[in-house]
Amino acid sequence: MSVQSFPYSSFLRGPSQVLPSLTDADVILERRDEENLILSRAERFEAVATGLRIAARSLAILARRHRDLAEEALAEELPWLTWLPAEERLTCVRELLADLVAGADTGLLIPFARNLASWRSTAEAWSDPRLARDLQGPFDGDGPVLDRPAGDPA
C-alpha cells in the first residue's frame with residue numbers, strides 16, 4: 001500500500017491539494033504538536049479491516065488446533081520471542097492472539113499494540129541475563145524512604 005505525507009497545514013489551507021492523492025494512496029497528515037492523522041478511502045479501509053479480521057481469526061484457529069505451529073509462525077514474525085522463557089512464550093502467544101482477534105473484530109487494535117510493546121520489553125529484559133536475574137529479586141526491604149515533595153498537601 002502506498003502512502004503520501006503532507007503537512008497538516010497544507011490540508012487546512014487547501015484540502016483540494018491533498019484529497020486527490022487518496023485515489024492511489026493513503027495520506028498521512030503530519031502535525032507538529034499532536035499525533036499524525038491518516039486519511040484513507042472507506043473502501044481501502046474496509047478491505048484492510050476485513051483482511052485483518054480474517055487473518056487474525058485464521059491464526060487463532062491455527063493456534064487452537066496446532067499451538068506449536070502458531071507459536072512457530074509468531075516466532076518467525078517476532079524473533080524476540082526466543083528470549084522469553086518457554087512458559088512465558090506460551091503466555092505471550094496466547095495473549096497476543098487473543099488481543100489480535102478481539103482487535104480485528106472490534107477495530108480496536110491499541111490494546112494489541114500496547115501488549116505487543118510490553119511483551120517485547122519483557123523479552124528484551126530477559127535477553128540480558130544480569131538484568132533478568134536482578135529483576136527476579138529477591139529485593140531488600142521496601143527501598144529508601146523519600147521525603148514528601150515541597151508543596152504536597154498530603
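1. A polar contact here is a pair of N or O atoms within 3.5 Å; within protein, one must be able to donate a hydrogen and the other to accept it, and residues adjacent in sequence count only if both atoms are side-chain atoms. By that rule, the side chain of Asp-26 contacts the side chain of Arg-44 at 2.8 Å, and the side chain of Ser-40 also at 2.8 Å.

2. A word on the basis: this is a predicted model, where local features need pLDDT of at least 70, side-chain atom pairs count only at pLDDT 80 or more, and totals for chains, interfaces and linings use all residues. Residues are numbered from 1 along each chain as its sequence is written, and side-chain values use heavy atoms, with hydrogens and water left out.

3. Asp-26 lies in strand S2, residues 26-30 (strands are DSSP E runs of at least two residues, helices H or I runs of at least four, numbered from the N terminus). Asp-26 counts as buried because its relative accessibility is 7% (buried is under 20% relative accessible area, exposed over 50%, partly exposed in between, with a 1.4 Å probe and protein chains only).

4. Now for helix H4, residues 67-77: its buried residues are Ala-70, Glu-71 and Leu-74. They sit on the same side of H4 because they cover an arc of only 100 degrees around the axis (taken from the directions from the helix axis to the C-beta atoms). Asp-68, Glu-72 and Glu-76 are exposed on the other side of H4.

5. Which helices do the buried residues of H4 pack against? They pack against H3 (42-65) and H5 (86-106), with contact meaning heavy atoms within 4.5 Å.
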